Amino acid sequence: MAGGVSGYAAISAKVRAMYSNLLTPQDISRLSESPDFSSLISALKHTQYGPYLSALKDNELTPRRAVQQIKRRLADTYASVVQMSPTQARPLIRQLYRSFELGNLKAVLRSIVTVSSSWNADEAPWDRVREVLFPFGSFSTLPAQAMVESGSVASAVELLKGTPYESAISFALRRFSAEQNLFPIEVALDLDYWRRLWTEARKLKGLDREAATKIIGSLLDMNNLMWTARYKIYHKLSEEELINYTLPFGFRAHDDDIRAIAAGADAAAVISRIFPTIPDVAALLEKPHTGLPKLEVQIKRQVIQQCAAAFIGNPFHVGLPLAFLILSDLEIQDLIALIEAKSSDISDEELHSALLKTALQN
Amino acid sequence: MFFPREMTEVELIIPSKDLVTVTKALSGRGVFHQVDSAYLGIESLGPNAWQEKAANYSALERRIQATMHTLGLEEQQRSASDFDTIIDLGAAHADIDRIEGEVKEVGERLLAEKKRMELLESQLRQIEPISDVNVEVGALSKSEHLYSILGVMPAAQMSRLETSLARVPHVFFTLKEDSQKPVVWLLGPRSAYDVLDRAAKSAYLNPLALPEEFIGTPEEIAAKTRKAIETSKQAIFGLEAQLKKLGDAHNAELQKLWWDVHVSRLMADAIARFGQLRHTYVVVGWVPTAELQALTERLKAASKEILIETMPTERTVHSANVPVALTNNKWLKPIQELITTYGRPGYGELDPTFMVMLTFPILYGAMFGDLGQGLLMMLVGALAHKRIFMKGLQSIGLLLVYCGFFASVFGTLYGSIFGFEGHHIQEYLGFHFEPLWISPVNDILTILGLAIDAGIVILLFSYLLSLFNAARAKDWAHFWFGHTGVVAIGFYLCFLTILNSLLGSTPIAPKLAAAISRLPLPFGILTPIFAIGVMLNGLFRNIVEGHRPLLDGGAMFFVQAFMDLFEGAISMLSNTLSFVRVGAFAVAHGGLSLAIFSLAGTEPTIGFWITIIIGNIFITGFEGLIVYIQTMRLHYYEILGKFFHGGGMRFEPLRLNPSQEEA
């Protein structure tokens, strides 16, 4: 099938056009200066998210609904990029898109586990859950409503037959039954998802493969390092568990690095060596409750730079659509942070430390 | 034909008693685009009961589908006329409760038996590879010095498990290779029990769990398991026969029940979006004007007291709220797909489908002019369209036919057949075939000049279409001072005279530019006037539209105005010269054919013909694709951008029949 110039001519032109519509750090700064939620929404209505937010009446725009509407734009972007991508790149882009389906699956499972204890009994579980699910439309293969209504994790898992999640979840189900904790299922799903994504990237050839492994590898670097740090600090997992709950792939962070941290090496020194531009890693890890989220923001900024680099040079490869989709997702993470901050009592200082784009020049 | 279908806004006031029959009439033909009444400010009186009903029908539909699935029955689509009225939920519940009662118990037993057999098979898979080990399985777990785990695990996790145990003495066997569930055996010292156990758990190694009665050596356990599988298979067979019987008995009733509930659910969904007043419902939506008469008759037949108010919407109105229904013509579909990828026309906007229907294949043919390859492309397109050959190309099959046709026409004009041109045709094919018009390879500069001429014609036509759109929308500011307004066109004509003076009498000089230069007009005076006009377009637009301040940004306004002029001139130059590619690709096509001939040699041996055939396949596939992209690029960047804005709302009518929805 067509690759190179012929395969990517249309998609690279379209992605470049859409790339220019992404919010700039200055736009994010301006939005962050909105005094409250309603002025933030008014300001957002003048951006590319305007048509999505205008679809709801002002009195219906709760923070949660605003986030849903904003996510709809990302869903439309994915649908359009998948449709225009050359055949060989589609499996990778579809798999990348599946990360939101994975998020939906986790939300559904969590809702089943927590439904009896904390939720309002007057409201049907599905009505509550669907408000937080990513608006996939026809792309999703997940029988989310039936799963929620099935009432138990085991019955919900039965409904996953024939989906890409069946295999991973079936291995983890026994541990869930024994431990009554979703942790093993969620880890199994994460590992399976990222392994599949990496495999799809490695299946590509030439420039496509090079670009895809760089970008997907950067995401894997972030995941592996954050997983290792969190599992070690919060869950106090052993060396062998840390190794089994991470993946031996990445772009800058190699398996030796992850294994070294698992074996007890100084995590700050390893991370500083991998990302020399991130300042004060040791200080961040000293106070993990506040430091780890900040470290994640710093690594995400590295991912943003990696994605922005894909737009320099030869544009006829899968790197452009991949980078654009990841940047769009990260932009939405910024907007969610803004919406949450403006609709609650989060201080400006806290907000700015959570934003991905403000500290970057581009 | 040249615009989206004319739409009429319809407002209906329906008495509550006729709600269902009217909804059925509205949904039956797939011509009514409903507008959610919430957007009109019509609030429901209290909670919307129809939303609840829709949710109940949806839940009931899923139950029926689950029962049908258990019985192995497929849902059979019916026509809208097979539906009478919204089914009573209570009666439907009673029916499904009764059938479910009969089916559920057998279905659950079957499911449990299948699960049991699946488990037994999994146990057998795990125990079989060690059937020659003559040790009691129980003894392995009771060993004093050895800790062992036999089980299955994800194949992808195996190497990770070994890595995680690098510092612990252990032995790890793969007893049975399997891409999904390999059977593995992990052994190590009992002193390292906790490490081995943690590693196995975190690698998702699920240990073999045998029922208590399965004791003995692996071989004995395997024999018992096989026997249990046999018994289980017979039980499954018996239960399946029972279900088949039940399926035959309830098929007709379930199909009818499913269809009634399914359509009731669709109608309840639609009604939930109606505006509800005290005794009436208000429905607002859009209908293609051509369908209005028939719809009105059906609605009046459904309710004598219905009030129907219609508001024809003139096409001159460019409203984002009017849904856009494009002409439904299968011959235009591939072109419509090209257009809608760029944008859906706005309601008042010219639909460029017909124009592109001409320009796309003609520009394609001009770049890929070859009689033989064009006919081949037509054939492939026709076969793909009919899904006989290369089914993956079905959606662009017709487009290939159109492009192939014009490639053949230009092939005849260029005197090219399967890459053979001039004396090669006489020499190798044995007949005479002279170009009817021009040979691009032999007359390179002329064909490049002609391509620019064609580009100028197309660009001028696109500018005129833009004026037409602006005039229809009564957008006089843009008509005169828009980027493609009258002033911009005037400047483009002046720009062509400058281009002509630059290219002089070179063969590449466009003849049209020369003709324009010869017009008895004072271009020397007009050029600076139009240039100033282009520079100050923004100012003039502000004056016409009454926007204040007129000059936004003070001195910077003039810097920006100059940059606008500079950018305008550059884009006019690049837009015009962009069409050179049409001639360049016509030349490249001949050049590529010559390259194939130089590879094939001169003697007409078998090798020569094989090279020619492979070369032709390569050219048709590879160059055909590149020319397709170039043609698309010309349309998206140079042509459509001049007059087409898009942004129209998709026409999504209410439908009862799912097969209609898919269509």
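Q: In which sense do strand β3 (residues 146-152) and β6 of chain B pair, and over how many bridges?
A: Strands of a sheet pair through backbone hydrogen bonds, either parallel or antiparallel. Here, β3(B) and β6(B) pair in the antiparallel sense over two bridges (pairing takes at least two DSSP bridges between the strands). B:G151 stands opposite B:P207 of β6(B). Helices (H or I, at least four residues) and strands (E, at least two) are DSSP runs, numbered from the N terminus. This is a predicted model, where local features need pLDDT of at least 70, side-chain atom pairs count only at pLDDT 80 or more, and totals for chains, interfaces and linings use all residues. Residues are numbered from 1 along each chain as its sequence is written, with chains lettered from A and ligands numbered from 1 in the order in which they are written.

Q: Which strands are the edges of that open sheet?
A: The four strands run in the order β4-β5-β3-β6 in chain B, with antiparallel pairing. Its edges are β4 (171-176) and β6 (206-207) of chain B, each pairing on one side only.

Q: Which helix lies across β3, β4 and β5 of chain B?
A: That is α3 (residues 89-127) of chain B, which runs at about 130 degrees to β3(B) (between N-to-C directions, from 0 to 180 degrees, with axes fitted to C-alpha atoms, for helices over the stretch in contact). Contact puts C-beta atoms, placed from the backbone, within 7 Å.

Q: How many residues of chain B are in contact with chain A?
A: 23 residues of chain B touch 20 of chain A. On the chain B side, α6(B) gives the largest share, five residues.

Methods:
Contact = placed C-beta atoms within 7 Å.
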